[in-house]
Amino acid sequence: MGKSDRERRHRANLERINRVQQVVGRGDCLRVDHEGTLLERARLMAEEYRSHEATEAGLAAFGRLLRAAEEPGFPHGRDVAAFVSAVWSSQPLAMATLRGLDTATGDDMMAVLDAYRFARLDLVEHVEGGPRRVARVVGQWLPRLAAAPATP
């Protein structure tokens, strides 16, 4: 799914949210609760915008992390590979991995975690190069982890 597909899906979700109506009452006494409808739409829209923004920022950050780890001699390559492997395989990550990094790398890791939290898609499947690229990066820095991860 490319960026235009994700944008189209985002717009479709916003249109779906605009059609939401909150109904209250019972039996023949049903009515639309206009105030409740507005509040629910606002909540759903905030959630959709947060998800969309986190997904786009996380995919961009994930791509930057992979690109940096592909460079020979990258000083934090092992940490990035451990992080990518943890995201890929839904495995625990030592918190010390997030310390001692340069600011840009640390910020990208946090953006990926934010996307992992809010995104409605698999980051590894949608990053440029997909699972093969991720496996190559992980295998380059952590050869014992190069085997495909267990699916959650």
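**Entry 1: Ser90**

I began at Ser90, which sits in the loop between α3 (77–89) and α4 (103–118). I note here that I am working from a predicted model. The phi of Ser90 is positive, about 55°, although Ser90 is not a glycine. I then looked up how accessible Ser90 is: its relative accessibility is 35%, so Ser90 counts as partly exposed.

**Entry 2: helix α4**

I counted 16 residues in α4. The distance from its first C-alpha to its last is 22 Å, close to the 22 Å expected at 1.5 Å a residue.

Which residues of α4 are buried? I wrote down Thr105, Gly106, Asp108, Met109, Val112, Ala115 and Phe118. I next asked what the buried residues of α4 pack against. They pack against α2, α3 and α5 (123–126).

**Entry 3: α2 against α4**

I took up the pair α2 and α4. Two packed helices are described by the angle between their axes and the distance between the axes. For helix α2 (residues 34–70) and α4 I have an angle of about 140° and axes 7 Å apart. This angle makes α2 oblique to α4; the cut-off for roughly antiparallel is over 145 degrees. I also looked up the handedness, and the crossing of α2 and α4 is left-handed.

I listed the residues that meet in this contact. From α2 they are Arg50, Ser51, Ala54, Thr55, Ala57, Gly58, Ala61, Phe62, Arg64 and Leu65. From α4 they are Thr105, Asp108, Met109, Ala111, Val112, Asp114, Ala115 and Phe118. By type, the residues of the contact divide into 10 nonpolar, four polar and four charged.

**Entry 4: Asn13**

I moved to helix α1 (residues 3–18), where Asn13 has its place. Is Asn13 buried or exposed? Its relative accessibility is 18%, and Asn13 therefore counts as buried, because the cut-off for buried is under 20%. Leaving out residues up to four places away in sequence, I found that Asn13 touches Glu48 and Arg120.

**Entry 5: Ala135**

My last stop was Ala135, in helix α6 (residues 130–141). Ala135 counts as partly exposed because its relative accessibility is 23%. I also looked up its separation from Ala81, which is 54 residues away along the chain. The C-alpha atoms of Ala135 and Ala81 are 9.5 Å apart.

Conventions. Residues numbered from 1 in each chain as written. Predicted model: local features only at pLDDT ≥ 70, side-chain atom pairs only at ≥ 80, totals over all residues. Heavy atoms only, no water. Helix = DSSP H or I, 4+ residues; strand = E, 2+ residues; numbered from the N terminus. Buried < 20%, exposed > 50% of the residue type's maximum accessible area, 1.4 Å probe, protein only. Axes fitted to C-alpha atoms, helices over the stretch in contact; angles between N-to-C directions. Parallel < 35°, antiparallel > 145°, perpendicular 65-115°, else oblique. Left-handed = near helix turned anticlockwise from the far one by under 90°. Contact = heavy atoms within 4.5 Å. Nonpolar A, V, L, I, M, F, W, Y, C, P; charged D, E, K, R; others polar. Expected span 1.5 Å × (residues − 1).
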